[in-house]
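This report goes through one protein chain, from single pairs of side chains up to the chain as a whole. Keep the structure open while reading.

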Amino acid sequence: MGDSSRHLLKSLINASEKAANIARICRSNEQLLGLLVQEKTGDEANARFEHDFKTLADVLIQESIKHDVGAEFPEMKENIKGEESSTFKNAEDESVAIVVGANETETADCLLQILQTQHQEAAQILAEEVHRSVEFDKELHEDFPELPNDVDYSQLGIWIDPIDATAEYISGDTMFTNFPGITSTGLDCVTVLIGVYDLSSGLPVIGVISQPFGNKIEDNIYNSALYWGIALPDLQAHSKRLDSETNRSRLLGIFSSSERADLLQQMLDLGYEFAFSAGAGHKALKVITGEVDVYVLSKASTFKWDTCAPQAILRSLNGDIIDFKNSIKEGKAIPLTYTTAAASENSEEGGDETEGTDKDWKCNCNGLIAIKDLKLLEHLLEKLAES
């Protein structure tokens, strides 16, 4: 049950900053980054992309978050899930399971099985970061609400996307859209997503999103932009930076560059202008910050780890992420949920992109609509139902 000596939100925020630090360290050395990149195959790969990559940073971040949060909240440990498998192949094509050890030496030894002896310094630097105590919550100068005393942590699960927009993380090439503050590609699109959901209802209840490269200090030096939200039945709260109002007279939607032309035409008919951008987490974040009105995706190309964190934050702001196909069919908002059973039912209506794989139940197979102002939703669903 709830324990005043622990603070789940602070734990998640600190874990997200440690993740951001690891992402920045791995990204700061091009030779090291190139060594760490590995192409996903089989069930690990996202069928939407011709090439789907993971990096050692992905796996190390995921395992670091699982280790830190699981140590503080052991009753949640078995329900902390991530996008990536914990294995990584070294230069000899041997599969090595990334494990956070009891101390820096054990973690460094594990990393050396991948990096090999010529990168001993890099392994040590990464191990030090994994085991460093991070208290980023103090840097935010915010009063974080205590969770209600009756919260049963054993009934909460976590979805982690350690590095969303991995291709942008690898390339780092920035392209801008026609809209101020919205990039099409680049490090700005990279996010660390940590979402907490209720195992019984399947609804997301706490979300933390970090942009490791959100604030550029000088060339190749960045610090994090961070957002959080709580959407419990008895507590609704969000980070102070989300309180600012946006003054925009035109409707703006954000989309994947591969979105269907007929859907884009429908959005155009509704008066929306378009921005195209990478990263599901990044696109949802633009809805959260109010820089765009809606993120619509008609395809089965996002997963539970992509949406759990942003959906929790949107729910804390009285918005939501809803099931694209079923909401249109029913003419009302049907939120994405995160119970295994609900996800499996979802996958039955999905396309062939994930059929027959272990990812079926993890896929948002009916697409999604992320929206902050639910007053816009009724007209939107009516228009989309015409197709």
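The model is a predicted one, and in it Glu-273 forms a salt bridge with Arg-250, with 3.6 Å between the closest N and O atoms. The two residues are 23 apart, and their pair links distant parts of the chain. Glu-273 belongs to strand β14 (residues 272-276), while Arg-250 sits in the loop between β12 (235-238) and β13 (251-255). Arg-250 is also partly exposed, because its relative accessible area of 38% falls between the limits of 20% and 50%.

## Other salt bridges

Side chains of opposite charge can pair when their charged atoms come close. The structure holds 14 salt bridges. One of them joins Asp-262 to Arg-260, with the closest N and O atoms 2.9 Å apart. Asp-262 is partly exposed at 40% relative accessibility, and Arg-260 is partly exposed at 30%.

Another salt bridge runs between Asp-373 and Lys-375, where the closest N and O atoms are 3.3 Å apart. Are these two partners buried or exposed? Asp-373 counts as partly exposed, at 31% relative accessibility. Lys-375 has a relative accessible area of 72% and is therefore exposed.

## Aromatic rings

A pair of aromatic rings is described by the distance of the centres and the angle of the planes. The whole structure contains eleven aromatic pairs. In one of them, the ring centres of Phe-144 and Trp-228 are 5.7 Å apart and the planes meet at 55°, so the pair is tilted. Phe-144 lies in the loop between α5 (120-131) and β6 (156-164), and Trp-228 lies in strand β11 (residues 221-232), so the pair ties together parts that are 84 residues apart in sequence. Both residues are buried because they fall under the 20% limit: Phe-144 has 11% relative accessibility and Trp-228 has 1%.

What kind of pair do Phe-213 and Tyr-222 form? Their pair is edge-to-face, with 5.2 Å from centre to centre and 85° between the planes. Phe-213 has a relative accessible area of 5% and is buried. Ring pairs also link Trp-159, Phe-303, Trp-305 and Trp-361 into a cluster.

## The chain as a whole

The chain has twelve helices and 17 strands. It is made of 387 residues, and 57% of them count as buried. The accessible surface comes to about 16600 Å², and carbon and sulfur atoms account for 45% of that area. Among contacts between residues at least 6 apart in sequence, 69% join residues at least 24 apart.

## Confidence in the model

The average pLDDT of the chain is 87, and 87% of the residues score at least 70. Where does pLDDT stay under 50? One such stretch is residues 44-53, for which the model has 28 contacts beyond four places in sequence. Another is residues 341-357, which has 29 contacts in the model beyond near neighbours in sequence.

Terms used
Residues numbered from 1 in each chain as written. Predicted model: local features only at pLDDT ≥ 70, side-chain atom pairs only at ≥ 80, totals over all residues. Heavy atoms only, no water. Helix = DSSP H or I, 4+ residues; strand = E, 2+ residues; numbered from the N terminus. Buried < 20%, exposed > 50% of the residue type's maximum accessible area, 1.4 Å probe, protein only. Contact = heavy atoms within 4.5 Å. Areas by Shrake-Rupley, 256 points an atom, 1.4 Å probe, with all protein chains shown as cover. Phe/Tyr/Trp six-rings, centres within 6.5 Å; stacked < 30°, edge-to-face > 60°. pLDDT = per-residue confidence, 0-100. Salt bridge = Lys/Arg side-chain N within 4 Å of Asp/Glu carboxyl O.
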